[in-house]
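Work through the exercises below with the model open. Try each task before reading its solution.

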Amino acid sequence: MKYAFFPGCSLETTAWDFAQSARAVCAALGVELEDIPDWVCCGSTPAHASNASLATALPVVNLQKARAMGHPVVTACASCYARLRTANHRLRADAAECDRMERVTGARYDGDVEVLHVLDLLVNRLGIAAIRAQIKRPLSGLRVACYYGCLLSRPPEIVAFDDPEHPACMDDLVAAAGAEPVAWPYKTECCGASLAMTEPAAVSRLGHRLLSMARLAGAACVVVACPLCQMNLDLRQRDATAAHGELPPTPVLYVTQLLGLALGIPAEELGLGALTVRADGLFAGMKVEG
Amino acid sequence: MSDAITWKGPALVDEVERRSGTPVSACFQCHKCSTGCPVGPEMDLLSSQVMRLVHLGAEADVLESRAIWLCASCEACTTRCPMEIDIAGVMDALRIMAVERQADGADARAEIFNRSFLGSVRRHGRVFELGMMTAYKLRSGDLLADVGKFPAMLAKGKIGLLPKRSGAAAQVREVFRRAEEEEKRP
């Protein structure tokens, strides 16, 4: 299975550990990822909040490059994923928009390159059963809050690989890795990451709300599939607890890091050392090097 | 906000519907969007109130609100709206209009952040975090926030001192130029 990989800006820097663990997990499961050459930023929220043409054109530039590769696109960032899917959605429905994008990007594109999130690839292309068969070190006894955030499941007419209000794919993956996903109510509540720089007070409130609910539900850690959620809940965790009350330090891992450990990939190949809140303690007593 | 708001005609709702491509006028004030909004507690107007003020043509009240800049673009409102209004898309249209019309009182930080972020993309084809954050801090005057996090991020390789340019940076600059031209077309 071969896919065109769109890393996106976060996965080159603040989320290099997500990139490394996603690549390692895919390699271990026989999925070949080839980077889109000369990929460019998707524009994220600043583009769609500033210029509608730019917000579609930046994803289109990448999708045009991917089309030349002849493989479906896989991305790991929830924001990149939403922007690429939104561009496709707009172009498929609207010939005038295709004309407009041809004027802006200099080439025709009609929205036909398939775009998957890495979770969608793992759960729906490879399948839970195939992944379970590859598990070498089950993470028995580890209680995990799976946090999906906003853009992996919303809006459903654009993303739609899981239920928009009650997604379960990450819970299934975590269970396949031998860990125990907890039931909790804030799976799809937004963490406010796009406001991290501009509205830190709101972001602290939202982060604390999520982390305290995860703890109340009995989770020892949170697992995410978005670089913005991860940075917000991990790097800014101390700001949140300082503002709204102490909580036990709660590691926030990428789902690919957790799955990678269960697949037998060494911790140092999964970037676990880059977490702000260390995860070592979670795996003490398991035959897993945290 | 003024005490009594009277209907000022359909110009605003027409423009917002045209720009956002979504039927704002279908809103019947069920408040489902406001109920599920993660930043409702911080907003000066709830999203359902923004929709109503757009109906009423209260342009200044809407474009000068903090609410349009506090929207986190999480799409909960868009997903849940029973009338299928893309409420997050309406917030985008209103932010763009607020900048175009240089609306007073609009929260400057979000706009400065967007400008700093896109400036970095325009220049390098990708976001160069350190450059983007420096530009944001200098423009917003918010110099000290998060500075304490830099050393650990540097040590963990989570922020770089030099930009990682895309090989297609020149193409991106041209796309920016043409996208701006496109937005000026009638």
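## Exercise 1: The interface between the chains

In this predicted model, 46 residues of chain A are in contact with 47 residues of chain B.

**Task.** Find which helices of chain A supply at least two residues each to the side that touches chain B.

**Solution.** 
1. Start with the helices. Those with at least two residues on this side are H1 (8-12), H3 (44-48), H4 (52-69), H6 (95-105) and H9 of chain A.
2. Pick out the main contributor. H4(A) gives the most, with five residues.
3. Sort the side by class. Chain A brings 26 nonpolar, 13 polar and seven charged residues to the side that touches chain B.

## Exercise 2: The domains of chain A

**Task.** Locate the domains of chain A, then describe the side of domain 1 that touches domain 2.

**Solution.** 
1. The domain assignment places domain 1 of chain A at 2-117 and domain 2 at 128-283.
2. Check the spacing. Their centres, taken over C-alpha atoms, are separated by 23 Å.
3. Count the contact. Domain 1 of chain A gives 24 residues and domain 2 of chain A gives 26.
4. Find the elements on the domain 1 side. H1, H2 and H5 (78-93) of chain A give two or more residues each. H2(A) has the largest share, nine residues.
5. Sort by class. The domain 1 side holds 13 nonpolar, nine polar and two charged residues.

## Exercise 3: H2 against H12

**Task.** Describe how H2 (residues 16-28) and H12 (residues 255-262) of chain A pack.

**Solution.** 
1. Read the angle. H2(A) and H12(A) pack at about 40 degrees, with axes 8 Å apart.
2. Name the orientation. This angle makes H2(A) oblique to H12(A).
3. The crossing of H2(A) and H12(A) is left-handed.
4. Find the residues. H2(A) brings Asp17(A), Phe18(A), Ser21(A), Ala22(A), Ala24(A) and Val25(A). They meet Thr256(A), Gln257(A), Leu259(A) and Gly260(A) of H12(A).
5. Classify. The contact of H2(A) with H12(A) has five nonpolar, four polar and one charged residues.

## Exercise 4: One arginine

**Solution.** 
1. Arg209(A) is in helix H9 (residues 200-216) of chain A.
2. Assign the class. Arg209(A) is partly exposed because 17 other C-beta atoms lie within 10 Å.
3. Relate it to Glu189(A). Arg209(A) and Glu189(A) are 20 residues apart along the chain, and their C-alpha atoms are 9.7 Å apart.

## Exercise 5: Chain B overall

**Task.** Summarise the secondary structure and domains of chain B.

**Solution.** 
1. Count the elements. Chain B has 11 helices and zero strands.
2. Take the burial. Of the 186 residues in chain B, 41% are buried.
3. Domain 1 of chain B covers 11-100 and domain 2 covers 108-184. Their C-alpha centres lie 27 Å apart.

Conventions:
Residues numbered from 1 in each chain as written. Chains lettered and ligands numbered in written order. Predicted model: local features only at pLDDT ≥ 70, side-chain atom pairs only at ≥ 80, totals over all residues. Helix = DSSP H or I, 4+ residues; strand = E, 2+ residues; numbered from the N terminus. Buried ≥ 20, exposed ≤ 12 C-beta atoms within 10 Å, placed from the backbone. Axes fitted to C-alpha atoms, helices over the stretch in contact; angles between N-to-C directions. Parallel < 35°, antiparallel > 145°, perpendicular 65-115°, else oblique. Left-handed = near helix turned anticlockwise from the far one by under 90°. Contact = placed C-beta atoms within 7 Å. Nonpolar A, V, L, I, M, F, W, Y, C, P; charged D, E, K, R; others polar. Domains from an automatic or database assignment.
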